Amino acid sequence: MKVIYLAAGRAVLNYNNVVYNDIKEKRDLVCDMLTVNLEDYDVLIATPPCNYYSRANYRRNISKYALITKDLLPTIIDKFIETGKPFIVENVRNFPLMNKLGLYNKNCFVYIHGRHTYWTNVMINISNIKQTYDFRSIPGYGCVRLKSYVQGGKNVNDVFDYFLSVVKLTLKN
């Protein structure tokens, strides 16, 4: 089972046969996630930038980075759906904005767990996967990171590892 992980940043899964992609980090494939040929892979995973969708980004409509990466999330979900291959896509949790933009109306399952939203074509139960807190609310300061690098993080990796275990069983049968 060959896995592609698009926009992986520094993430590393507990699975050996993964090709990692990112546009900034030095990974197996350093390029725009939308240019990767998905035909050679059995399972598709992506964590597109969350800058536009984050509830913490009050500058989403003026931030150059947020605006140029805004379409990656809906585009990669649609691209993954078209392949018919098992996939999962993660991004932040922002119900009002994502609902307004129709991201919950995609032709797949949508799961919200912890601070994250997941789109997949595989029925999974992630409700028992423990989530640790990587942010803390401090009165007068707002949210403060508890860790210096939280992109993806343990919470997302745990969900992806579970997803891969379910898909591995499914593909064997």
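View 1. Residue D78 lies in helix α2; helices are DSSP runs of H or I with at least four residues, strands are runs of E with at least two, and both are numbered from the N terminus. The model is predicted: local features need pLDDT of at least 70, side-chain atom pairs count only at pLDDT 80 or more, and totals for chains, interfaces and linings use all residues. Residues are numbered from 1 along each chain as its sequence is written, and side-chain values use heavy atoms, with hydrogens and water left out. D78 counts as partly exposed because its relative accessibility is 32% (buried means under 20% relative accessible area, exposed over 50%, partly exposed in between, with a 1.4 Å probe and protein chains only). In sequence, D78 and K106 are 28 residues apart, while their C-alpha atoms are 7.6 Å apart in space.

**View 2. The largest nonpolar core.** This core has 27 residues, and L6, F80, V89 and W119 have the most contacts inside it. A nonpolar core is a set of buried Ala, Val, Leu, Ile, Met, Phe, Trp, Tyr and Cys residues joined through side-chain atoms within 4.5 Å. Helix α2 supplies the largest share of this core, five residues.

**View 3. Contacts of W119.** Beyond its neighbours within four places in sequence, W119 is in contact (heavy atoms within 4.5 Å) with residues including L73, F87, K106 and C108.

**View 4. Cysteines C31 and C108.** C31 is partly exposed because its relative accessibility is 24%, whereas C108 is buried because its value is 18%. The count of disulfides (pairs of cysteine sulfur atoms within 2.5 Å) is zero.
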